[in-house]
Amino acid sequence: MRTQVAIIGAGPAGLTLARQLALQGIESIVVEHRDRAYIENRTRAGILEQPTVTLMHELGAGTRLAVEGMDHDGFFLRFDRTTHHLNFHRLIGGHATVYAQQELVKDLVALRLEEEGPILFETKVVGIDTRADGATLRAERAGEIVTIEADFVAACDGFHGVGRAHIPDSERIEITRTYPVAWLGILARTAPATPEGMYCAHEDGLSLHSMRGPRITRQYLQVPADTDLDDWPDERIWDELTRRSESIDHPELERGEIFDRSLAPLRSVVCETMQKGRLFLLGDAAHIVPPAGAKGLNLAVSDACVLSYALGAHYKAGIREHLDSYSTTCLPRIWQAQYFSWLLTTTIHALSDDPMDLRLRLTRMQRWVESEDEQRALGEVYLGLPFPTPWAYN
């Protein structure tokens with residue numbers, strides 16, 4: 001098989017890039033290890049920044065998003081049993097939109113299959129060879145080896161994918177931080193606790209309350225990193241969520257059926273070497289952020305914008321400089337998101353028993369509540385910094 005751009009991974013980064021390339025007349029093949037049902041139904045968080053929402057409408061993938069997405073002006077913050085609303089929209093405009101990642105994937109997959117070209121589902125890339133003039137992918141599909149020749153490879157296949165592994169350890173600059181806690185997440189049939197997502201900063205650890213609709217909630221508990229899900233029956237989860245979210249100004253948390261649960265460790269990773277020759281890393285292959293702030297999906301889309309712009313300049317005008325500067329173009333926005341996620345993580349979680357830490361955390365949250373300047377700085381990143389390059393396919 002022959003194409004201009006081989007894309008590994010049919011997640012938000014790979015599918016967004018494929019759509020952007022198609023609108024510029026650039027051919028691509030998307031290779032996905034899992035089947036279609038799996039990628040369209042795996043539960044993922046989904047808070048879309050304003051630039052991501054705007055882009056999806058420009059790409060023709062915003063029809064369901066416009067109907068089913070829930071626009072939020074900011075978020076609620078509860079500490080000392082008192083609830084506060086940080087309204088970023090009134091200060092800087094824009095919204096954060098609740099729309100689950102798997103729903104966005106469904107929209108982009110349907111668009112791809114209807115209009116543009118192939119997605120090779122159940123096809124596992126087992127090797128990448130890059131040369132000065134191109135690249136070759138070797139993949140297993142239905143027990144056979146498939147070979148794809150391409151000008152460039154976009155590796156959107158996650159932290160453990162072959163794309164990141166293709167860059168040798170000796171050449172890869174990678175910075176990592178691991179936190180001593182994890183998020184125990186549930187999906188439950190209950191009404192949302194507040195009209196928008198809410199962080200509850202309790203002295204014994206975070207609880208977070210968000211929504212997937214009027215009767216479906218996504219809620220999280222801070223737990224130790226070595227937690228076993230089997231040690232957390234439904235009643236214990238609800239008891240702890242209720243205790244940590246207790247307030248003097250809202251009713252007690254509603255309980256209901258828990259129909260999904262998961263455990264996610266908290267860590268930060270930035271692979272500053274996001275390219276090697278004709279191979280480029282996007283999304284989780286290049287960076288992982290703690291879930292506070294919901295930046296992972298949006299960074300993946302941002303990476304796709306940078307690479308699509310660079311590939312468009314290469315194919316249309318023979319300009320190579322944007323491809324050569326892909327990493328340095330992406331990294332400032334990535335580090336802004338990492339800083340924001342670190343700030344939220346260290347403020348709303350209980351990461352030590354030191355009473356000084358608790359007082360400093362409470363003081364920082366009080367400052368967020370009282371200062372419009374602090375709210376504006378938070379809101380600019382929460383609602384979404386501009387993507388590093390313009391999106392245009394004319």
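Predicted model: local features only at pLDDT ≥ 70, side-chain atom pairs only at ≥ 80, totals over all residues.
Biologist: Okay, is Glu49 buried or exposed?

Modeller: Buried means under 20% relative accessible area, exposed over 50%, and partly exposed in between (1.4 Å probe, protein chains only). Glu49 has 3% relative accessibility, so it counts as buried.

Biologist: And where does Glu49 lie?

Modeller: Helices (H or I, at least four residues) and strands (E, at least two) are DSSP runs, numbered from the N terminus. Glu49 is in the loop between strand 3 (47-48) and helix 3 (50-58).

Biologist: Which side chains make a polar contact with the side chain of Glu49?

Modeller: A polar contact is a pair of N or O atoms within 3.5 Å; within protein, one must be able to donate a hydrogen and the other to accept it, and residues adjacent in sequence count only if both atoms are side-chain atoms. For Glu49, one partner is the side chain of Lys295 (2.7 Å), and another is that of Arg333 (2.7 Å).

Biologist: Now rings. How many aromatic pairs does a search of the whole structure find?

Modeller: You describe a pair of aromatic rings by the distance of the centres and the angle of the planes. Rings of Phe, Tyr and Trp (its six-membered ring) pair if their centres lie within 6.5 Å; planes under 30 degrees apart count as stacked, over 60 as edge-to-face and the rest as tilted. The search of the whole structure turns up 10 pairs. Take Phe75 and Tyr199: centres 5.0 Å apart and planes at 85°, so that pair is edge-to-face. Phe75 is in strand 5 (residues 74-79) and Tyr199 in strand 13 (residues 198-202), so the pair ties together parts 124 residues apart in sequence. Phe75, at 2% relative accessibility, counts as buried, and so does Tyr199 at 7%.

Biologist: Which residues do ring pairs link into a cluster?

Modeller: Phe75, Phe88, Tyr199, Phe340 and Tyr382.

Biologist: Last one: which charged end sits over the ring of Trp232?

Modeller: A charge sits over a ring if NZ of Lys or CZ of Arg is within 6 Å of the ring centre and within 35 degrees of the ring normal. Over Trp232 you'll find the charged end of Arg236, 3.7 Å from the ring's centre.

How values were computed: Residues numbered from 1 in each chain as written. Heavy atoms only, no water.
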